[in-house]
Amino acid sequence: MVVRSQEMDLKHMKEALRQARKGLGRTSPNPAVGAVIVRDSHVIARGYHKKAGLPHAEVEVLKKLCGRAKGDTLYVTLEPCNHHGRTPPCTEAILKSGLKRVVVGMKDPNPTVKGGGCEYLKANGVLVTTGVMEPECLRLNEAFLKFVISRRPFVMVKSALTMDGWTATATGHSKWITNDESRQYVHRLRDRVDAVMVGIGTVLSDDPLLTTRLVRGRGKDPLRVVVDTHLRTPLNARILSQNYPVGTVIATGPHVGEEELKKFQKKGVAAISCPIKAGRIDLAALMDILGKMSVTSLLVEGGASIVGSMFRERLIDKFFVFKAPKIFGGGDGIPMMAGPGPEKMDECLILKDLKVRRFGEDILITGYPDYKCLK
């Protein structure tokens, strides 16, 4: 019976996770949370958190039963909240509904509320089981975890390479290394993050829009961030376009004059003054600034210079590396990262928790940097 119960818990938590994924990219700065209610081994209601300020997943799913679920079991990917925020505590709705048991995927990582919801429910007679599919639940909300603990965004880097390791030709030409399927996946990544960041080099060479263009609809556009120490972004750059509901932020140095800043402000572009480190924007300080702006997830799509700088500052949390079946066949292309590398191969950064998938003939490798291996 115990094995059967564990199997049922896994089955229903998988469904709660499926529901939670529907909210990815829409709930920031809140986590993506899914919930299901089970009666006699059957799911009778499903729900997920749709947007910050709207009901949490637990309340959303209980609404479908008019708030009544006496004797039923709730499966939820994140510990129910026990504090007043934009919405009332979910624990109150759970107790009022008559739910007999609550199965939780992961505890709330927020240091100010950790464990409060589960303990409160237990103290009021609800059976609580925790840690069901916890690794999957943690991975789902990896950006939220990083943000609530460090107050910095979870930083992802996307790079597209030829088989021999180049991101562009010596002239900077890179359209297109990967195929349509791979590029569509990148648009899905944009749809799920709070912000996309590039350096001024990418703006000058590619003039990107950095909006989300999905085959089945436009999707959600992320905030666009340009790292531009000397404010060289052209006023007619497409990234400054106001034809989209998304905003643009230019991170520039403190030496830029007020008159120059006003030209961008008139176009509705926010220019933020950042500290300088070694003649360039202090990227660690910029991460703090973005965190204060409630940017919980950041996708870096910049070129070799900014990716190399982010790498050396150890600011990257996850890599998305596309490899296309193309051979550049030379030694004068542009690499994934600029700057000095290690002298020995055993001093290289190691990626862990790798996943590999195919998009047609392209290969995508995702992994997490193990900075502990670096000297």
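In the predicted model, strand 16 (residues 362–370) is mostly covered, with seven of its nine residues buried. Two strands pair with strand 16. Strand 14 (residues 318–323) runs antiparallel to strand 16 and is joined to it by five bridges. Within this pairing, Lys323 has Ile363 of strand 16 as its bridge partner. Strand 15 (residues 350–359) also pairs with strand 16 in the antiparallel sense, over eight bridges. Here Leu351 stands opposite Pro369 of strand 16. Strands 15 and 16 form a hairpin, and two residues lie between them. Gly360, in the turn of this hairpin, has a positive phi of about 65°.

These strands belong to an open sheet of nine strands, in which the order is 10-9-8-7-13-6-14-16-15 and the pairing is mixed. The edges of the sheet are formed by strand 10 (270–273) and strand 15, each of which pairs on one side only. From one strand to the next, the twist averages 20°. In contrast to the antiparallel pairings of strand 16 with strand 14 and with strand 15, strand 6 and strand 13 (residues 297–300) pair in the parallel sense, over four bridges. Val157 has Val300 of strand 13 as its bridge partner. Helix 6 (residues 142–150) packs on this sheet and touches strand 6, strand 13, strand 14 and strand 16. The direction of helix 6 makes about 135° with that of strand 6.

Another open sheet is made of five strands in the order 2-1-3-4-5, again with mixed pairing. Strand 2 (42–48) and strand 5 (127–130) are at the edges; each has a single partner strand, so one side of each lacks a neighbour in the sheet. Neighbouring strands in this sheet are turned against each other by 20° on average, with direction ignored.

Helix packing was examined for helix 3 (residues 90–97) and helix 4 (residues 116–123), which pack at an angle of about 25° with their axes 10 Å apart. Because angles under 35 degrees count as roughly parallel, helix 3 is described as roughly parallel to helix 4. The crossing of helix 3 past helix 4 is right-handed. On the side of helix 3, the contact is made by Thr91, Ile94 and Leu95, and on the side of helix 4 by Gly117, Tyr120 and Leu121. Of the residues in this contact, four are nonpolar, two are polar and none is charged.

Most peptide bonds are trans, and most residues other than glycine have a negative phi. Two cis peptide bonds are described here. The peptide bond from Ser28 to Pro29 is cis, with omega near 5°. Pro29 lies in the loop between helix 1 (2–21) and strand 1 (34–39). A cis peptide bond also joins Lys175 and Trp176, with an omega of about -5°. Trp176 is located in the loop between strand 6 (154–161) and helix 7 (180–192).

Positive phi values in residues other than glycine are found at Asp40, where phi is near 50°, and at Arg314, where phi is near 55°. Asp40 is placed in the loop between strand 1 and strand 2. Asp40 has a relative accessible area of 67% and is therefore exposed, since the exposed class begins over 50%. Arg314 is in the loop between helix 11 (304–312) and strand 14. With a relative accessibility of 38%, Arg314 counts as partly exposed.

Gly257 is also a loop residue, placed between strand 9 (248–252) and helix 9 (258–265). A relative accessibility of 35% makes Gly257 partly exposed. Gly257 and Leu231 are 26 residues apart along the chain, and 9.6 Å separates their C-alpha atoms.

Technical notes. Residues are numbered from 1 along each chain as its sequence is written. This is a predicted model: local features need pLDDT of at least 70, side-chain atom pairs count only at pLDDT 80 or more; totals for chains, interfaces and linings use all residues. Side-chain values use heavy atoms; hydrogens and water are left out. Axes are lines fitted to C-alpha atoms, for helices over the stretch in contact, and angles run from 0 to 180 degrees between N-to-C directions. Angles under 35 degrees count as roughly parallel, over 145 as roughly antiparallel, 65 to 115 as roughly perpendicular and the rest as oblique. A crossing is left-handed if the near helix is turned anticlockwise from the far one by less than a right angle, and right-handed if clockwise. Contact means heavy atoms within 4.5 Å. Ala, Val, Leu, Ile, Met, Phe, Trp, Tyr, Cys and Pro count as nonpolar, Asp, Glu, Lys and Arg as charged, and the others, Gly among them, as polar. Buried means under 20% relative accessible area, exposed over 50%, partly exposed in between (1.4 Å probe, protein chains only). Two strands pair if DSSP finds at least two bridges between them.
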